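Please look over the sequence and the model shown here.

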Amino acid sequence: MSKVKVAILGSGNIGTDLMIKLGRSDVLDLTAVIGIDPDSDGLRRARELGYLAVDTGLKGFLEYHSGLADIVFDATSAKAHVRHAKMLKEAGIKAIDMTPAARGPFVVPSVNMGLNIEEDNINLITCGGQATIPMVHAVNRVSPVEYAEIVATISSRSAGPGTRANIDEFTETTSRAIAEVGGAKKGKAIIILNPAEPPILMRDTVYALVEDGTMDESKMTQSIKEMEKTVQSYVPGYRIRTEPIFDGNQVTIFIEVEGAGDYLPKYSGNLDIMTAAGVKVAEEFAKNQIAKQLVK
C-alpha cells in the first residue's frame with residue numbers, strides 16, 4: 001500500500017516529537033522537516049535520520065520541494081500559522097495545524113474526526129483541549145452541559161517557546177472548542193505552567209455543570225470511562241485519576257497524561273497528546289485518500 005507524503009513545519013519540541021512518531025507510521029511517509037535555525041536540535045536529528053532538513057522556512061520548502069508533501073504539520077506558532085495557512089492553501093497542500101490559530105475547523109480525534117476528513121486545514125486546538133474536550137463531550141452526550149471549565153497544568157520544563165508565545169490563543173481557542181466540539185453552552189479554559197522539580201506529569205481538571213434534573217451518575221460514569229478507552233487507543237498514557245466526583249448538577253473529572261518519552265521525558269504529556277492526535281488525524285486522512293485511489 002502506498003503511503004501519503006508528509007512534512008513537518010517547525011523543528012522545536014512538538015515538531016521533533018512528531019518526527020519520531022511519524023517514523024513508525026504504516027501509512028504516512030515523512031519526507032522533510034522545515035525550520036529556520038540550521039543548528040536546531042530538530043533539524044540536526046532530521047538530517048541524522050535521513051530526512052530532508054530545510055532551514056529556509058516554508059517559503060524555501062514550497063519554492064523547491066513542494067512535491068514532497070501532501071500534508072504539512074504546522075508546529076510553529078499561532079501568529080505564524082496565519083501566514084502559513086494561506087501559503088499552503090495556495091500550494092494545494094493540506095495543513096494540520098498544531099497551533100491554536102483556529103484557521104480551520106476544530107478537531108479532536110475521539111469526538112469529531114469523521115466530520116472534517118475532507119477539510120484542507122484542520123486545527124488541533126491545544127494540548128489542554130485534546131485532553132479535556134473528550135470528557136466534556138462524554139458528559140454532554142448523557143446530560144446537556146450548561147457550562148464547562150477546564151484547568152490544564154503542565155510542567156514549565158515541557159513548555160517550549162511556541163507554547164509560551166501562544167498562551168492567549170490557548171485560552172481563547174480552547175474555550176471556543178469546549179463549546180463547539182465538546183458541546184457545552186459556554187466554556188472557559190485556564191493553563192498553568194508549574195515550575196515544580198522534579199517536573200510533574202500533565203494534569204487536567206474538568207468541571208461541568210449540567211442541566212438541572214438531567215444528571216444520571218451511572219450513565220455518565222460509563223460514558224466517561226468509555227471515552228477514556230477511546231483516547232487511550234491513540235494516547236496510551238491518558239488516564240482518569242479518580243472516579244468522577246458528583247455534587248448536585250456538577251461533575252468533576254481529574255485527568256493525567258503521561259508522555260511516551262519519544263523526545264522529551266514522560267512528564268511531557270502535553271507534548272505527547274498533541275503529536276499523537278496529529279498522527280491520528282493524518283493517518284485517517286491518508287487512509288481515506290488511499291481508499292479513494294483504490295476505487296479509481
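## Basis of the description

The model is predicted, and local features are described only at pLDDT of at least 70, side-chain atom pairs only at pLDDT 80 or more, while totals for chains, interfaces and linings use all residues. Residues are numbered from 1 along each chain as its sequence is written, and side-chain values use heavy atoms, with hydrogens and water left out.

Helices (H or I, at least four residues) and strands (E, at least two) are DSSP runs, numbered from the N terminus. Buried means under 20% relative accessible area, exposed over 50%, and partly exposed in between (1.4 Å probe, protein chains only).

## Nonpolar cores

A nonpolar core is a set of buried Ala, Val, Leu, Ile, Met, Phe, Trp, Tyr and Cys residues joined through side-chain atoms within 4.5 Å. The largest such core has 73 residues, and those with the most contacts inside it are Leu 22, Phe 73, Met 135, Val 139, Tyr 238 and Ile 253. Helix α10 (residues 269-295) supplies the largest share of this core, 10 residues. Because domain 1 (4-124 + 273-295) and domain 2 (127-266) both give residues to this core, it lies between them; the domain bounds come from an automatic or database domain assignment.

Contact means heavy atoms within 4.5 Å. Leaving aside neighbours within four places in sequence, Ile 253 is in contact with Met 135, Val 139, Asp 204, Thr 205, Val 206, Ile 224 and Ile 240. Another core, of 13 residues, lies apart from the largest one and includes Ala 7, Ile 34, Leu 88 and Ala 95.

## Helix α4

Helix α4 (residues 78-91) has 14 residues and reaches 20 Å from its first C-alpha to its last, close to the 20 Å expected at 1.5 Å a residue, where the expected span is 1.5 Å times one less than the number of residues.

The buried residues of α4 are Ala 78, Ala 80, His 81, His 84, Ala 85 and Leu 88, and their cover includes β1 (4-9), α3 (57-65), β4 (71-74), β5 (94-97), β6 (121-123) and α8 (167-180). After the helix comes Gly 92, with a positive phi near 75 degrees.

## Helix α2

In helix α2 (residues 41-48), Gly 42, Leu 43 and Ala 46 are buried. Seen down the axis of α2, these residues fall within an arc of 95 degrees, so they line one face of the helix; the arc is that of the directions from the helix axis to the C-beta atoms. Among the elements covering them are α1 (13-22), β2 (28-34) and β3 (52-54), and α2 is followed by Gly 50, whose phi is positive, near 90 degrees.

## Loops and backbone geometry

Most residues other than glycine have a negative phi, and most peptide bonds are trans. Ala 102, in the loop between β5 and α5 (109-112), has a positive phi of about 60 degrees and counts as buried at 18% relative accessibility. Ile 125, in the loop between β6 and α6, has a positive phi near 65 degrees and is buried, with a relative accessible area of 0%.

The peptide bond from Glu 197 to Pro 198 is cis, with omega near 0 degrees, and Pro 198 is placed in the loop between β8 (187-194) and β9 (202-210).
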